[in-house]
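Subject: Structure for your review

Dear colleague,

Please find the structure below, together with its sequence.

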Amino acid sequence: MASESLPSSALPPPTEDVPAAKPPTKTEPTPSWKSYGPDGVFITEGKARIKFPSENSVFYNPVQQFNRDMSIAAITAWSKMFFMEKLSKQKRSAPVTQETVAKSVTPTEVELQTLATPAEERSETPAEEKAETNAQENDAARIACPQLPPVNNSYTADYKPFDSASLEDPDLDSEKYAPLSFTILEALSATGLRSIRYAKDIKGIKSILANDLLEDAVEAIKQNVTANDVDHIVIPNLGDAA
């Protein structure tokens, strides 16, 4: 049986590779921390403003701002404890002067009044009786609470615990804290954002070494440090952190 040919109008049209329709692009609003200038993209975080040469030149994760905020708060709290403890050690190791000797040997008014009172009116306990009473109290304390064996460690022997109750909020701008300072190393600085924020937000910093392995990164650190007026604190450095 001969096959009958179908009219051309009944045949399906030839298939062509038609590209899938793309959804219309939405213009996303520029976040508040990003701005554009004639010479690059600018990121603002805290008191720092960092410049990038182009939109795709660096990956900036705004979520990491919380990490930097927390580290600034932690270092600030530590620096206050560090400075107060350092001042306390300086007072304990201060040289003996004539004034301090005079204060230590000069009797107070109460002491003078006690010395002027006759011995029979003082109603003092004899020294031997005091010594015996103290010995009995010490023996009772040892039985009730046995002493731990001594630790043969020079640091532990010389260490005096810091009184956290006296941890008021010191003013690090006062003159007594001026001679005290500390240094910070940022091993992988990239654009220098963290170091710049430290320099602007943390008091008492002597210097910050902002290090990176890439020459382009160190050049960016130099530019950003100068633009943020912290080049007297932040020192860009090219080197291997390992």
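I begin with Ile235, which is partly exposed, with a relative accessible area of 43%. This residue lies in strand β6, which spans residues 234–238. Together with Leu185 and Leu209, Ile235 makes a nonpolar surface patch of about 260 Å². Please note that the model is a predicted one.

Ile235 is also among the contacts of Ile208. Leaving aside neighbours within four places in sequence, Ile208 touches Ile184, Ser195, Tyr198, Ala199, Ile233, Val234 and Ile235.

As to the overall architecture, the protein has seven helices and six strands. Along the sequence they are arranged as β-β-β-α-α-α-α-α-β-α-β-α-β. Of the contacts with a separation of 6 or more, 64% are between residues 24 or more positions apart.

Finally, some totals for the protein. Buried residues account for 22% of its 242 residues. The accessible surface amounts to about 18900 Å², and carbon and sulfur atoms contribute 56% of that area.

With kind regards

Methods
Residues are numbered from 1 along each chain as its sequence is written. This is a predicted model: local features need pLDDT of at least 70, side-chain atom pairs count only at pLDDT 80 or more; totals for chains, interfaces and linings use all residues. Side-chain values use heavy atoms; hydrogens and water are left out. Contact means heavy atoms within 4.5 Å. Patches are made of residues with over 30% relative accessible area and no salt bridge: like charges are joined within 9 Å, nonpolar side chains (Val, Leu, Ile, Met, Phe, Trp, Tyr) within 5 Å. Accessible areas come from the Shrake-Rupley method with a 1.4 Å probe; for residues, only the protein chains shown count as cover. A salt bridge is a side-chain nitrogen of Lys or Arg within 4 Å of a carboxyl oxygen of Asp or Glu. Helices (H or I, at least four residues) and strands (E, at least two) are DSSP runs, numbered from the N terminus. Buried means under 20% relative accessible area, exposed over 50%, partly exposed in between (1.4 Å probe, protein chains only).
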